[in-house]
Structures are given as C-alpha cells and as structure tokens.
Amino acid sequence: MERFAVGFAPGHISGYFKRVDGLSIQTTGSLGAGVVIDKGVYVKMSPSKELNVKINGETVDSWLIREVLEPFGKNADVEVTAEMPIGSGFGMSAAGLLASYFAADAVFDLGLSKNDMFLKAHAIEVKHGTGLGDVTAISCGEIVVRTKPGIHGILKKFYDDRDIYCLSFGEIPTNEVISSPEKMKKVEEAFPQSVPSNADEFMKNSLEFARNSGLLLSELEEIIQACESENIPCSMTMLGKGVFAFGEKAKEILEKFGEPVKLRINSTGPCVVKMKR
C-alpha cells in the first residue's frame, strides 16, 4: 500500500507591504497586511528513489520542492495542485513551500515543529526573492497585520465573514519589484501609517498604497473605479495583475470585466489533510 501524505496551505493576498533588510535572513522580510484565502496549494508526497514533480498535472523540474527535500536527503513523487494562478499575487509559492514541508514532515517522520517549517519556508522565499511576508501571514490565517519582519512579526489578525471576489489577468514577477531599489523607495514612501482594525480599513489602506506606490496598473483602474462607484471595498492583488473586492455586490461589478473567483477567509493556516502510513 502506497505511503503518502497530503499537505495543504492557504494562499495570501498582500494588500500593502514594505521591505525590511535585516541582519539575517530571518530578520529580513516585510511589514504590511494581507488576507489569507481559503484556496491554496495541495501537495501529495510519497517516498521515491528519485525526485519527480508534477504541478497541476505537468511534469516540471521544481527548485521549490528540491529546496525542501535535499537538506534531509529525501526524494519523493510529488503532486502539486495550485488552486489559484501562480505568480499572480495569491501567495502560491509560499503556500507551496508550506504544504511541501507539512507533507514531507508527515511522510518522512522528520520531527519538525510548525515553527521549524515556518522558519525554513520564510528563508527560502527571501533567498529566492519570491516573497517577503506571505509565509508569516499564512502561518496563522485571517486578515493579518505585520509590524516586524520575519515569522514572529504579527501584530494582530481579524476575521471577516463576507465573500471575497477576485479577477486575475496574469503575472507580475515579484523579484523584479522587490529587488528594485527605485520601486522599493516608492513603496516605502506609500506605506500606510494607520493600523487597520477591520477589513474595510485594511482595504482602504491597500487601495491608497496601490495608487501612491505606483504599483496600480492602468488597466486595473477602470475596474477599481467601477467598484468605488458602488462603495465596494476593493484593491489590487500584490503582486499580480488582479483585483480583489469584498461583499456580494462585488461579484456583479467584477463580472462585467471577467469571471471572478469566489474566495473566503481561511482562519486555520497550513495542515496535513490526509496521510497513509
């Protein structure tokens, strides 16, 4: 009987952020706030003599999975299912890393604590420039406000039971933004000074940040304005060519521009969802 484990980690939409370069990889990351969503990444992992990885059914040479398994001297057959577009502002790389760690820990009896896995995933994201604060947010779920870099930088979190609708039109390479001193300077200047206490305040901060930072794409402005005209909390997915908005009215507006995906807030974080020993 096949031995396997399936790990799951939810995605994360960053509303606003500011890069912080610390003295170590664990004190490097970002400040900001974002919403952890119920759609994410599933990773099924079973022991194998060689590393074989499929992402959404396609065989790939995945650096991400290799980074997770090589330090432990393990190989596996790995099936990755990403429920949202990769590289489009939904935290799929961080979710994939965390789901992989949870699956690997379970199937190989690695004895890792949750804190161990969060630290390792954060280090890989920072090292490769695929994210700065996604791992931190995903680790606990809900709408998360981070005031320190690294996985222990969470100031507060809060829940909202409204549906979230989003449209995605493609990728923005995260590394091209977070590695650019010029872009990061504008991002830092646009960083909100107020700390949100609810979803509406978070979305207000996010939209102001998107515009003031210069990150808001011109092709998204029409969608944003259509939402604003109906008093619908909305903003841009960071960092991706997309818009997300709260409430049932958002669906009607976004449908004028595409086929919106319905999301809910995840409040549990990553976990092992299935295992056979």
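Here are a few questions and answers about the fold and pockets of this predicted model.

Reader: What radius of gyration does the protein chain have, and why does it agree with a compact globule?
Author: The C-alpha trace spans about 55 × 40 × 30 Å along its principal axes. For 277 residues, a compact globule would come out near 19 Å, so the chain agrees with that at 18 Å.

Reader: How much of the contact set with a separation of 6 or more comes from residues 24 or more positions apart?
Author: The chain is built from nine helices and 12 strands, and 52% of its 277 residues count as buried. Of the contacts with a separation of 6 or more, the share from residues 24 or more positions apart is 74%.

Reader: OK, pockets. Which element gives the largest share of the lining of the largest pocket?
Author: That pocket holds about 740 Å³ of space. Its lining has 39 residues, and I86, G87, M92, S93 and T130 are the closest to its centre. Elements giving two or more residues include β1 (4–20), β2 (29–47) and α2 (92–108). The largest share, four residues, comes from α2.

Reader: And how many charged residues are in that lining of the largest pocket?
Author: By class, the lining of the largest pocket splits into 18 nonpolar and 17 polar residues.

Technical notes
Residues are numbered from 1 along each chain as its sequence is written. This is a predicted model: local features need pLDDT of at least 70, side-chain atom pairs count only at pLDDT 80 or more; totals for chains, interfaces and linings use all residues. Side-chain values use heavy atoms; hydrogens and water are left out. On a 1 Å grid over the protein atoms alone, a cavity is a set of points where a 1.4 Å probe fits but cannot get out, and a pocket is an open set with protein on both sides within 12 Å along at least five of seven lines; lining residues have an atom within 4 Å of a point. Grid points are joined across faces, edges and corners, and a volume is the space filled by probe spheres set on the points. Ala, Val, Leu, Ile, Met, Phe, Trp, Tyr, Cys and Pro count as nonpolar, Asp, Glu, Lys and Arg as charged, and the others, Gly among them, as polar. The radius of gyration is taken over C-alpha atoms; the globule rule is 2.2 Å times the number of residues to the power 0.38. Buried means under 20% relative accessible area, exposed over 50%, partly exposed in between (1.4 Å probe, protein chains only). Contact means heavy atoms within 4.5 Å.
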